[in-house]
Amino acid sequence: RFVLLQHHQGQVTVERLTTQLRAIGLSISKRQVMRLLIDRQDDFLAENRDVLRTGLQAAAWITVDDTGARHAGNNGFCTQIGNDSFTWFGTRASKSRLNFLDLLRAGHTDYVINDAALDYMHARSLAGPVIRQLASQPQRYFADQAVWQAHLDRLGISALRVTPDPLQIATEGALWGSVHAHCFLHNAVVLSDDAGQFAVGRHALCWVHAERLVHKLDTFTDLHRSAQQQIRALIWGFYADLKAYRAAPTARRGNEMRARFDRIFCRRTGFVTLDRLLQRLHANKAELLTVLDRPEIPLHTNGSERDIRCQVIKRKVSGGTHSAIGRDCRDAFLGLMHTCRKLGIAFWDYLGDRLRTPQHLAVSYLPDLISRRRHA
């Protein structure tokens with residue numbers, strides 16, 4: 001219990017933890033400390049997986065982010081998924097949309113062709129004949145990647161060499177179909193920093209990241225600086241009114257905010273680079289103003305930024321992981337730690353209950369607590 005708390009919540013390295021334990025009189029090796037961290041942790045890994053499944057089923061919205069991660073000597077990426085009830089981390093070699101959709105399946109391995117999958121393929125401009133070919137097949141459920149790939153090979157879709165890639169879009173669609181088949185993210189909003197891999201389902205954008213593009217523009221004249229400051233002031237004023245709207249939304253106020261958005265982002269300042277950026281932001285109007293239809297969602301991804309900071313610190317302090325179980329345990333315990341904090345549970349008490357230490361406080365199964373929050 002002490003080793004798990006120190007390593008994950010205290011961010012103490014294995015070497016320092018071994019030294020610390022020896023200093024208080026324990027005869028223990030570094031390898032034995034590693035065993036305490038990663039051996040026989042199946043129950044924790046299963047609970048972490050169920051946290052994600054319940055969180056995705058219960059969520060009205062999630063925020064997502066990713067950061068670099070090292071594993072087995074190679075660069076990879078750690079993806080964060082969460083909201084105000086849970087946090088989950090997954091480290092993989094890729095940060096593609098295929099990878100993100102795979103993470104959203106929460107451990108399931110199936111591929112499903114259903115209405116959600118077909119709608120996804122239409123939205124991604126997959127050729128009509130390919131969609132009709134997939135929709136007309138009697139087999140709609142595929143247990144794993146090998147069965148799905150064999151199905152695509154049999155239909156000749158794998159051999160097509162056109163843009164967009166039919167194999168990729170069809171696979172993404174089948175993954176999205178699996179997400180819906182397991183009742184994940186039904187009518188939920190995915191809020192991101194505008195990284196392309198996160199643009200799935202009902203997608204919204206972070207206002208802080210949008211304004212940061214204006215803030216980071218290089219200015220060279222007084223005209224540039226004046227235009228930049230004026231636009232930033234307008235954006236932050238609009239942002240403040242969006243926060244007020246969330247507290248008391250009305251249809252009339254929503255229409256006024258949409259018209260005001262157009263006035264801000266369609267204006268011309270004479271600063272060409274800024275004007276082009278405003279045009280680009282205006283093209284994202286629907287995603288930036290999702291909050292007008294769904295006032296329960298946040299306006300930013302600050303929650304994800306805070307959550308994923310522990311992974312950044314872990315990377316800087318300890319480097320990367322070597323084994324798959326080490327990687328999975330690191331992600332699981334950090335996710336469980338943040339979930340406990342959001343549910344108002346001390347991580348020490350949680351570990352005591354799960355490890356059945358003497359006189360521990362009882363802590364309910366975290367997915368059950370998340371589910372109860374939804375119905376509270």
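A: The largest cavity has a volume of about 30 Å³, a volume being the space filled by probe spheres set on grid points that are joined across faces, edges and corners. A cavity here is a set of points on a 1 Å grid over the protein atoms alone where a 1.4 Å probe fits but cannot get out, and lining residues have an atom within 4 Å of a point. The model is predicted: local features need pLDDT of at least 70 and side-chain atom pairs count only at pLDDT 80 or more, whereas totals for chains, interfaces and linings use all residues. Residues are numbered from 1 along each chain as its sequence is written, and side-chain values use heavy atoms, with hydrogens and water left out.

The structure holds one cavity of 30 Å³ or more. Its lining consists of Leu191, Ala204, Leu205, Trp207, Glu287, Leu288, Thr290, Val291, Ile297, Pro298 and Leu299. Two or more of the lining residues come from each of strand E7 (202–205), helix H14 (285–288) and helix H15 (290–293); these elements are DSSP runs numbered from the N terminus, helices being H or I with at least four residues and strands E with at least two. By class, nine lining residues are nonpolar, one is polar and one is charged (Ala, Val, Leu, Ile, Met, Phe, Trp, Tyr, Cys and Pro count as nonpolar, Asp, Glu, Lys and Arg as charged, and the others, Gly among them, as polar).

A salt bridge is a side-chain nitrogen of Lys or Arg within 4 Å of a carboxyl oxygen of Asp or Glu. Asp293 pairs with Arg258 in this way, with 3.0 Å between the closest N and O atoms. Because Asp293 belongs to helix H15 and Arg258 to helix H12 (residues 251–265), the pair ties together parts that are 35 residues apart in sequence. Arg258 is partly exposed at 26% relative accessibility, where buried means under 20% relative accessible area, exposed over 50%, and partly exposed in between (1.4 Å probe, protein chains only).

Methods:
On a 1 Å grid over the protein atoms alone, a cavity is a set of points where a 1.4 Å probe fits but cannot get out, and a pocket is an open set with protein on both sides within 12 Å along at least five of seven lines; lining residues have an atom within 4 Å of a point.
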